Amino acid sequence: MDTEVIIVGGGPTGLTLAIDLGLRGVRAVLIERKEAPAFLPKMERCNARTMEIYRRMGIAEAVRAAGLPAHCPMDVFIVLSLARPPLVHLSYPSVAQAKEVIAASRDGSEPLEPYQLISQYTLEPLLKSIAEKLPSISVRFGCELISFGQDRACVTAAVRCAGGATSQMRAAYLVGCDGGSSLVRRQLGIALRGEGNIMALRQALYRCDELYERIPIGKGRHYHVADDCATQLIVQDSTRHFTLHSVVEQDADMASKFEETIAMPLAYEMLYVGEWKQNLLLADRYGEGRVFLAGDAVHLVIPTGGLGMNSGVGDAIDLSWKLAAVLRGWGGPGLLPSYEIERRQVGERNVAASRHATLGRRKWRAAWRPEIADDTPEGAAARANLARIADVEQRKSNEMIGAELGYRYVGSPLIATEPGEGPAHDFMRYLPTTWPGARLPHLWLRDGAAVFDRIGYGHGYCLLRLGGKQAGTAALADAFARLAAPLQVLDIADEHARDILGRSSDQGSSIPCISRPAENCKADIAATRRPRFATVQVPSPMRWLPAWRGHPGVFRRASVTREASQRGPPCPQGRPAVSSIPSGVPSTPQSPAAKDWPPSRPGQTHSR
């Protein structure tokens with residue numbers, strides 16, 4: 001093998017995947033056809049969940065240092081222009097204010113990290129520079145994927161680099177993070193389905209050094225113009241650059257549209273104009289065989305709600321630890337297929353959430369009337385009506401904390417089931433939950449540490465024992481050791497943590513649970529009077545581990561039955577079913593028998 005993983009695409013999703021793989025000692029090559037990150041307007045906000053992930057990776061403060069200053073408001077306005085009183089003003093805390101709210105929260109309802117406004121043209125070079133410092137990662141901009149093929153042992157990619165020379169590169173896996181027009185997805189023959197080409201707009205990037213400080217109606221990040229062109233002005237992280245979206249006839253019209261919007265005689269430079277189309281699309285599959293897809297390659301959303309790039313970061317983290325586990329020998333054949341099972345449902349929900357937000361915005365924009373700017377009773381009535389609707393509907397774009405933090409993985413082979421339907425998915429509200437497959441709620445412990453930080457940001461499972469008592473965990477620890485799977489045991493005595501993260505049984509036993517690698521997932525971990533076993537797949541070469549009801553690597557108790565030691569079929573080439581591979585040493589992943597390749601997912605067949 002030339003490397004263990006080939007990553008196609010150097011946007012935020014591909015670079016996040018490269019960094020996380022590099023932190024795990026996985027050898028990866030990232031190829032990107034652009035010569036360098038482009039100075040183009042795209043996403044401009046990392047949401048709270050993405051910032052929690054970046055904290056785990058150790059890069060959150062670097063992202064914040066490069067982004068919008070912490071004191072800047074994140075307010076949203078609906079206006080006729082920046083020079084007239086706003087029709088609607090929705091106040092949202094700055095990062096500094098949000099951190100104060102988080103510091104005072106004790107009920108698990110807040111994220112550990114608030115959002116961060118950072119322009120994609122700032123984020124990409126930062127992530128690239130971090131990836132380039134990792135010894136196992138090779139970042140190659142100016143290299144383009146031409147084609148690829150795969151068999152039961154590896155993926156072979158044809159890559160063309162500067163000068164036009166084409167070379168072959170072999171790897172255990174390939175991940176397409178190459179955007180909405182993904183070559184990887186198209187070569188796999190995977191379709192995007194949903195609503196395409198919903199609306200065509202132009203976006204332009206401007207530099208206007210004086211504008212931000214001279215906005216008379218208040219500082220914010222979004223200024224939606226109540227017109228018939230869907231015009232929206234967005235503040236970028238420097239506060240000297242701005243993007244404008246609008247439906248206009250030609251590129252030159254974006255200059256006059258900017259002037260109408262700011263309504264102040266300020267010097268500016270229009271740096272870029274381009275056309276884009278709104279889409280709500282989801283891929284049928286998230287890969288095939290040894291090739292996977294992530295980010296915009298599998299889900300395209302309208303930016304309302306800010307779920308596009310942030311969904312891609314979630315894809316990258318879910319896939320990264322699973323690739324590392326398989327490459328290091330303790331991930332079994334059911335582990336990588338769980339990536340699609342877990343992340344496609346999140347993609348589907350986020351497409352729906354984007355649709356929910358978009359319909360809200362369309363509703364208030366439909367209230368626009370030609371006389372809305374007039375100083376007449378009719379104009380005043382039109383403004384009041386639009387404002388009344390927008391005060392409700394615009395919040396659907398800006399307050400989707402449930403979509404950000406409240407997602408959970410349903411039906412994954414890594415997660416045991418609980419009786420009942422589970423918490424309803426709510427885009428707008430986040431209620432901390434201990435249901436299987438949910439994100440672990442953030443809590444402050446008695447000493448001021450966050451439970452996420454106490455768990456740590458290593459690359460294995462963490463067994464939490466809550467309540468200050470010493471439930472036996474030796475059997476579970478022994479099972480993990482036999483699988484060469486990383487596990488740490490952490491005692492958290494705080495009663496408050498137990499109250500939020502779990503419940504003790506009538507006998508007062510302590511409550512162990514496991515947070516799985518990378519994602520700080522957990523579930524309802526209360527002990528019950530009657531033992532009820534759920535079979536939970538531990539990422540391992542050949543085994544299943546029965547445990548008390550658990551979730552993505554979360555178990556109610558450290559109970560193991562003899563089934564845990566049963567082995568599957570012999571490994572190819574006589575390789576032992578469990579092996580310990582030193583970090584950084586290349587390994588050839590186990591392959592299913594040729595007749596079983598590509599591996600099938602439940603209810604799905606493949607054709608070569």
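1. In what order do the three strands of the open sheet lie, and is their pairing parallel or antiparallel? The order is 11-17-20, and the pairing is antiparallel; two strands count as paired if DSSP finds at least two bridges between them. Strand 11 (192–195) and strand 20 (299–300) are the edge strands, each pairing on one side only. Strand 17 (residues 280–283) runs antiparallel to strand 20, to which two bridges join it. Leucine 281 has leucine 300 of strand 20 as its bridge partner. Helix 10 (residues 337–365) packs on this sheet and touches strand 11, strand 17 and strand 20. The direction of helix 10 makes about 175° with that of strand 17.

2. Basis of the description. The model is predicted: local features need pLDDT of at least 70, side-chain atom pairs count only at pLDDT 80 or more, and totals for chains, interfaces and linings use all residues. Residues are numbered from 1 along each chain as its sequence is written, and side-chain values use heavy atoms, with hydrogens and water left out.

3. Overall content. The secondary structure of the protein comes to 16 helices and 27 strands; helices (H or I, at least four residues) and strands (E, at least two) are DSSP runs, numbered from the N terminus. Of the 608 residues in the protein, 59% are buried. Buried means under 20% relative accessible area, exposed over 50%, and partly exposed in between (1.4 Å probe, protein chains only). Among contacts with a separation of 6 or more, 72% are between residues 24 or more positions apart, a contact being heavy atoms within 4.5 Å.

4. Strand 12. Because six of the eight residues of strand 12 (residues 200–207) are buried, this strand is largely enclosed by the rest of the structure. Strand 12 pairs with strand 16 (residues 269–277) in the antiparallel sense over eight bridges, and leucine 201 stands opposite tryptophan 276 in strand 16. Strand 12 is also joined to strand 15 (residues 241–246) by six bridges, again antiparallel. Here tyrosine 206 stands opposite phenylalanine 242 of strand 15.

5. Helix 2 and helix 9. Helix 2 (residues 48–57) packs against helix 9 (residues 308–327) at an angle of about 40°, with the axes 10 Å apart. Axes are lines fitted to C-alpha atoms, for helices over the stretch in contact, and angles run from 0 to 180 degrees between N-to-C directions. The two helices are therefore oblique to each other; angles under 35 degrees count as roughly parallel, over 145 as roughly antiparallel, 65 to 115 as roughly perpendicular and the rest as oblique. The contact involves Thr50, Ile53, Tyr54, Arg56 and Met57 of helix 2 with Asn310, Val313, Gly314 and Ile317 of helix 9.

6. Helix 10 and helix 11. The axes of helix 10 and helix 11 (residues 377–393) come within 8 Å and cross at roughly 175°, which makes the two helices roughly antiparallel. Gly360, Arg361, Lys363 and Trp364 in helix 10 meet Leu386, Ile389, Ala390 and Glu393 in helix 11.

7. Helix 15. The buried residues of helix 15 (residues 474–482) are Leu476, Ala479 and Phe480. Seen down the helix axis, these residues fall within an arc of 95°, so they line one face of helix 15; the arc is that of the directions from the helix axis to the C-beta atoms. The face turned away from the buried side carries the exposed residues Ala474 and Ala481. Helix 15 is followed by alanine 484, whose phi is positive, near 60°.
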